[in-house]
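The entry itself is shown first.

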Amino acid sequence: AAKRAGKNRYSFFTEENNRNLISRMQLEAELRAAIENEEFELHYQPLVDTALQRVTGAECLLRWRHPDGMRFPDQFIPLAEETGLILPIGEWVLRETVAQLNRWADVIGEDFGLSVNISSLQIREQRFLERTRELLKANPIADGHLIFELTESSLIEDVEGTIRWLRDIESLGIRIAIDDFGTGYSSLNYLVRLPVYCIKIDRVFVNNVDHDRDQAAIVLAIFQMARALRIEVVVEGVETREQLATLTAMGSCGIQGWLVSKALPVDRFEQFLQEFPPSELPAPAL
Ligand code: C2E
Ligand code: MG
Ligand code: MG
Ligand code: MG
């Protein structure tokens with residue numbers, strides 16, 4: 001035991017820990033500078049509906065145009081959440097999303113939804129609701145065009161409080177989707193009480209859906225539950241035609257994945273919309 005305590009005591013000073021600490025401090029400083037210098041941009045991943053056979057929306061995914069190259073959320077969102085920097089970053093993301101919806105008002109169909117990931121820290125922030133209301137008052141958008149993606153784990157604390165909060169969000173004309181469905185620990189009984197229009201099945205349930213019977217059984221069960229509750233389903237991470245075929249045999253759903261498209265920078269997403277207008281033509285790859 002003494003040996004273990006000694007180890008713990010000195011482990012803080014190992015070279016490796018120092019390096020981790022220093023690189024974390026560097027990353028934090030760089031993140032602050034990135035906010036100042038507006039190095040963030042949103043990329044847009046199309047969402048295709050298998051029944052309607054067309055593009056019905058997109059998800060905004062954050063990218064950091066770092067001087068050393070493009071950085072993806074996995075490389076900076078966790079630290080941004082630990083440090084609270086996700087609050088100013090998330091505010092920028094939401095402003096940009098609303099601005100983009102206004103710029104696209106003429107090219108998107110009536111049922112087009114643009115979704116944005118909201119961090120649990122933002123949800124817990126006192127003034128978040130009020131600021132969102134003010135943002136939409138200054139930049140009005142038609143009801144339903146803006147979607148908030150919330151993860152199960154960000155919602156599990158106080159049921160009644162969460163339901164009230166979600167209803168307030170809805171009253172602003174914002175739709176609510178549960179992201180990464182199935183990866184958290186919340187009970188179905190809890191989830192079905194929430195006013196959500198859609199659940200997004202995480203891609204860990206999809207990678208083998210076409211040849212793993214257990215995985216297929218789970219996805220089918222989620223489809224059936226959602227249908228019974230009249231909740232829409234979006235399946236994330238669809239990469240192959242085989243996966244798509246398995247899913248369409250189970251029922252209609254939204255598809256988001258590399259089979260259709262990766263997340264695209266704004267100009268390339270606009271080209272995509274020109275090629276596959278949301279309200280008219282069949283979507284690609286289906
Ligand atoms: P998410 O919200 O579940 O987003 C889906 C992730 O799956 C995205 O990763 C997307 O690029 C990736 N993806 C989509 N289709 C495929 C596919 O067919 N195959 C594979 N392998 N991956 C696919 P990304 O962009 O790296 O984002 C990762 C996570 O970072 C997001 O997961 C979300 O939780 C978070 N995130 C992204 N943007 C924001 C943001 O603006 N704010 C906050 N708070 N979190 C964000
Ligand atoms: Mg998401
Ligand atoms: Mg997800
Ligand atoms: Mg996620």
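1. Asn117 is partly exposed at a relative accessible area of 32%, whereas Glu149 is buried at 2%; buried means under 20% relative accessible area, exposed over 50%, and partly exposed in between (1.4 Å probe, protein chains only). The model is predicted: local features need pLDDT of at least 70 and side-chain atom pairs count only at pLDDT 80 or more, while totals for chains, interfaces and linings use all residues. Residues are numbered from 1 along each chain as its sequence is written, chains are lettered from A and ligands numbered from 1 in the order in which they are written, and side-chain values use heavy atoms, with hydrogens and water left out.

2. The magnesium ion (ligand 2) is coordinated at 2.0 to 2.2 Å by Glu59 (OE), Asn117 (OD1), Glu149 (OE) and Asp179 (OD). Donors are N, O and S atoms within 2.8 Å of the metal (3.2 Å for Na, K and Ca); water is not among the atoms, so sites may look incomplete. Asp179 also coordinates the magnesium ion (ligand 3), 4.2 Å from ligand 2.

3. Asn117 lies in strand 4 (residues 113-117) and Glu149 in strand 5 (residues 146-151), so the pair ties together parts that are 32 residues apart in sequence. Strands (E, at least two residues) are DSSP runs, numbered from the N terminus.

4. The whole structure contains zero disulfides, defined as pairs of cysteine sulfur atoms within 2.5 Å. For Cys60, the nearest cysteine sulfur, that of Cys198, is 15 Å away. Cys253 is buried at 3% relative accessible area, and its sulfur is 10 Å from that of Cys198, too far for a bond.

Key:
Helices (H or I, at least four residues) and strands (E, at least two) are DSSP runs, numbered from the N terminus.
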